Structures are given as structure tokens and as C-alpha cells.
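Hello,

Here is the structure you will be working with. Please open it beside this email and follow along.

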Amino acid sequence: MDYNGTLRKMNNQYDEATGDVTYHLNLDNESVCNLNDAIGKEVTLSFSGKIFCTGCGKKIRKTYSDGLCYPCMMSLPQADMCILKPHTCHHHKGTCRDPQWGLDNCFKPHTLYLARSSSIKIGITRGTVPFGRWMDQGAIEGMAIGSFPNRREVGLAEYSVSEKMSDKTNWRKMLTNDVTDVPFEDYIDMAKATLDEEQKEHLIEEPKSYKLNYPVTAYPEKVKSCNLTKMPFISKVLTGIKGQYLLFDNEVLNLRSHAGFEIGLTVEG
Ligand SMILES: [Zn+2]
């Protein structure tokens, strides 16, 4: 089968009964093919050389965060620095890029979570149990540990514990499955020791952990990252998918970092 369109990050589904993760290729904001079914087959990926901004759709030469052009990155509320660093929320100062967007997106319940992706990382997300976020990060286990009324408050909690916990995933370790086995409980104790009384009231009393199984046939010992700008044609057997990466033995391709790229993808057979 052949698929053509502009790349977005893969859509993913979590099966709560089995813990299995399923990925779909997303072109032009639509799921076009189940990529788990392509594992073990030869996949050909070609980049046309054209890139389209995921915000405004304009043809551009290079992308910034998540496939945006420079003007979109500088103007869209979802690309503001306070989304990455929620403790710097400036809505109350009247300087939100789009105050209504802020009310609709940031002033909604948010979750503080732990994810076992390489080391254990702390993170925040809108909504309740963040399966989508864990799958994007390639976490093999996740646990929602706190429930806060809005993004700024969860961001302040995350910020106060972030000195003791990483908020980043080491993608090389994630892709080689070099993952820590330190119990989550140690991190919950650390959070309790750091948060103030008011913040602690938002911690979940009996947090539940979820395991995630990725469709990977064999983990590589070392990984080499591919880039479609430098290597616009890839034709290899797909050996797995984890996080937002396709694995071709030891060569890996981050689809999220290629959002906005116009591609063609063919699966053999
Ligand atoms: Zn744009």
C-alpha cells in the first residue's frame, strides 16, 4: 500500500486490558495505516523536499517546534514558552497570547504524573490518566500521582520537585530499553517531602500504575538517528515503534520532529 501526505506525529492507542500500544501513521491529520502491521516488512519512506507549517499550512523551508513556521511559533498560544514551562503562566498578568484559548486549555484540570521512560521523569498534562503522553514518550510504565485544578498550579508543583527529578527522557536509553527499575514510591516520597501542604492535598491517595508494551521485535544496542532532510529516502525493514520513533534495526527516525514534511510511505506486500 502507498500513502502520501503531510506528516503529523503518529496516533497511538493504549489497550488497558493488555497494556499493548498500537500506532497509526498520521498524514494530513488522519490515521491512514496501522503501523504495527508493517513491522517485519520493508517500509519505504520518501521525502518530497516540501514542508508545510502545521499551524497555517504555508510552504516553508524549515520548521520550529512541532512543525510550525517562525511566525506561528511566535504567535500561537500553544507554542508559547509557558506551555513548556507552566510555572511561568502569565495569564493573570493579562499577557496571554490568546486569553480565551488559555481559559479553554490551561484553566482545566491537569495531572501530575511519573513516567518510566529512561530514568523516571515527572510531567504534567491536561486531563486525567495521560496514556497518550506516555506513549509519545516511550514510557514503559506510568502513574498519575496528582490532580490539580489548572496548568499553572500543576506547573508550580512540577517546578518545585523538578530539581530532584528529571523532566526529560533520554531518547537513546528509551530506544535501547535501558530503563531504570527504581520504584515509583521513592519518587512519590520525594514529592511529598518537597511540596507544600496545599499542594500535597492534590496528590492522589492510591495512585495506580500502568504498564505499556511497545511493538518492538528486538531492541538495538546502539541507535543512530536519521533525518529526512539529509536522507530523503529510506527503504528498510521496520523492526519496531516506540515513543514517536520508527526503528529500523539500529537506525531510528523521529516522526514527531518531521511534522509538516510531505512524504510518501509504502509498505511491502
Ligand atoms: Zn505557520
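Phe47 counts as buried, at 12% relative accessibility. Buried means under 20% relative accessible area, exposed means over 50%, and partly exposed is in between (1.4 Å probe, protein chains only).

First, some ground rules. This is a predicted model, where local features need pLDDT of at least 70 and side-chain atom pairs count only at pLDDT 80 or more, while totals for chains, interfaces and linings use all residues. Residues are numbered from 1 along each chain as its sequence is written, and side-chain values use heavy atoms, with hydrogens and water left out.

Now the rings. Rings of Phe, Tyr and Trp (its six-membered ring) pair if their centres lie within 6.5 Å; planes under 30 degrees apart count as stacked, over 60 as edge-to-face and the rest as tilted. The count comes to 8 aromatic pairs. Phe47 and Phe261 have ring centres 4.6 Å apart and planes at 40°, so this pair is tilted. Phe47 is in strand S5 (residues 42-52) and Phe261 in strand S16 (residues 261-267), so the pair ties together parts 214 residues apart in sequence. Strands (E, at least two residues) and helices (H or I, at least four) are DSSP runs, numbered from the N terminus. Phe261 is buried too, at 5%.

Trp171 and Tyr245 are stacked: 5.7 Å centre to centre, 10° between the planes. Trp171 is partly exposed at 27%, whereas Tyr245 is buried at 10%.

Last, the sheet. Three strands form an open antiparallel sheet, in the order S2-S3-S4. Two strands pair if DSSP finds at least two bridges between them. S2 and S3 pair over 4 bridges.

Best wishes
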